[in-house]
Amino acid sequence: MNKEQVKCLIIGSGPAGYTAAIYAARANIKPVLYQGLQTGGQLTTTTDIENFPGYPTGISGTEMMENFREQAERFGADIRFGIATSADLNQSPYEITIDGEKIIQTETLIIATGATAKYLGLPEEDTYAGMGVSACATCDGFFYKKKVVAVVGGGDTACEEAIYLAGIARKVYMIVRKPYLRASRIMQDRVHHHENIEILFEHNAEGLYGEHGVEGVKLVKRLGENDEEHYNLPIDGFFLAIGHRPNSDIFKPYLETDETGYILTIDGGPLTRIPGVYAAGDVADSNYRQAITAAASGCKAAIEAERYLSELEYQRSINQE
Ligand code: NDP
């Protein structure tokens with residue numbers, strides 16, 4: 001297989017990956033970045049971004065990520081199409097296979113592969129993407145001021161999203177498939193006692209409808225062993241909160257992850273237990289999952305990579321003397 005040697009390899013093109021590329025390129029460690037399956041990452045699936053500092057009038061997710069990429073390229077980052085399909089982190093230089101056909105050997109590796117929000121799999125989730133369907137209340141909630149929205153899920157994320165949305169929207173329905181919530185007791189109490197939130201237990205969403213965006217959800221309510229009721233509920237926004245899947249599969253044999261697959265780093269920073277291998281952004285963050293926090297961790301990872309390479313170079317120069 002074709003092999004190429006680099007000093008710094010970054011995988012992922014969300015805010016973490018591109019920020020790492022900006023810092024690494026400016027530090028002259030000549031980063032090569034592979035964009036992965038979803039160029040620009042999760043932000044390209046949202047509408048406008050209004051909470052990233054520096055954009056007083058907001059900016060579309062796609063445009064912001066294009067800006068990130070341009071900024072990295074301006075300093076010489078080598079940004080390429082391609083997906084990391086396997087990894088060998090047993091020894092340095094670490095080997096990452098791209099598209100199953102090329103091996104990149106790298107002294108430092110920044111894993112910024114992100115996480116993917118889970119969707120129900122309804123065809124209308126695609127049809128109305130950015131037009132009423134969202135998997136991020138913090139990103140898109142603002143557009144539902146005094147409107148009616150539904151949140152799918154009964155875990156802590158769903159409760160958090162419902163509470164956040166209840167501060168903006170007129171009414172929030174929670175669509176919960178079981179007769180109880182899975183969330184922690186404190187979160188359950190909060191949603192139960194919130195006057196804007198109504199929990200629809202034993203409900204499933206089976207479709208969405210609307211002419212120019214979401215106007216309602218088709219629900220099915222379980223009534224007993226063999227009985228159910230189908231009905232339409234008018235809503236303006238449909239939020240998924242049924243969990244995220246971190247894109248960490250190929251690294252799991254080498255790096256510690258939690259039970260969901262989030263990479264566990266040292267003290268929550270970018271360092272992993274493998275020298276020269278860093279994790280940044282949502283792949284290592286089940287908690288904040290924001291563009292700004294991902295960007296910050298990408299910056300930290302690149303600074304660590306630069307320090308590591310400097311130290312390596314210094315050690316090599318001593319050994320040569
Ligand atoms: P969870 O896996 O805890 O919950 C997912 C929810 O979505 C469950 O209610 C589940 O239902 C429901 N669900 C899953 N698939 C479907 C489906 N196909 N149709 C309908 N409903 C579905 O994920 P979270 O993202 O909520 O939480 C992940 C982890 O992060 C948890 O450990 C959580 O405690 C933690 N967390 C902590 C927070 C905090 O402490 N502030 C905030 C957010 C998350 P069912 O119960 O029936 O399986």
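Contact here means heavy atoms within 4.5 Å, and helices (H or I, at least four residues) and strands (E, at least two) are DSSP runs, numbered from the N terminus. The model is a predicted one, in which local features need pLDDT of at least 70 and side-chain atom pairs count only at pLDDT 80 or more, while totals for chains, interfaces and linings use all residues. Residues are numbered from 1 along each chain as its sequence is written, and side-chain values use heavy atoms, with hydrogens and water left out.

The chain contains seven helices and 19 strands. Its radius of gyration (taken over C-alpha atoms) is 22 Å, close to the 20 Å that the globule rule (2.2 Å times the number of residues to the power 0.38) gives for 321 residues, so the chain is as compact as a globular protein of that length. Along the principal axes, the C-alpha atoms fill a box of roughly 80 × 45 × 35 Å.

Two helix pairs are set out below; axes are lines fitted to C-alpha atoms, for helices over the stretch in contact, and angles run from 0 to 180 degrees between N-to-C directions.

| Helix pair | Axis angle | Axis distance |
|---|---|---|
| α1 (residues 15-26) and α2 (residues 61-74) | about 20° | 8 Å |
| α5 (residues 156-166) and α6 (residues 185-193) | roughly 35° | within 10 Å |

Helices α1 and α2 are therefore roughly parallel to each other (angles under 35 degrees). The crossing of α1 and α2 is left-handed, a term used if the near helix is turned anticlockwise from the far one by less than a right angle. From α1, Pro15, Tyr18, Thr19, Ala21, Ile22 and Ala25 make the contact with Met65, Phe68, Arg69, Gln71 and Ala72 of α2. These residues divide into eight nonpolar, two polar and one charged, where Ala, Val, Leu, Ile, Met, Phe, Trp, Tyr, Cys and Pro count as nonpolar, Asp, Glu, Lys and Arg as charged, and the others, Gly among them, as polar.

The crossing of α5 and α6 is left-handed. Here Asp156, Cys159, Glu160, Ala162 and Ile163 in α5 meet Met187, Arg190 and Val191 in α6, and the residues of this contact divide into five nonpolar, no polar and three charged.

Three strands form an open antiparallel sheet in the order β14-β15-β16, with strands counted as paired if DSSP finds at least two bridges between them. Because β14 (203-209) and β16 (228-234) stand at the edges with a single partner strand each, one side of each is left without a neighbour in the sheet. Neighbouring strands of the sheet are turned by 25° against each other on average, direction ignored. Strand β15 (residues 216-222) pairs with β16 in the antiparallel sense over seven bridges, and the bridge partner of Arg222 in β16 is Glu228.

Key. Angles under 35 degrees count as roughly parallel, over 145 as roughly antiparallel, 65 to 115 as roughly perpendicular and the rest as oblique.
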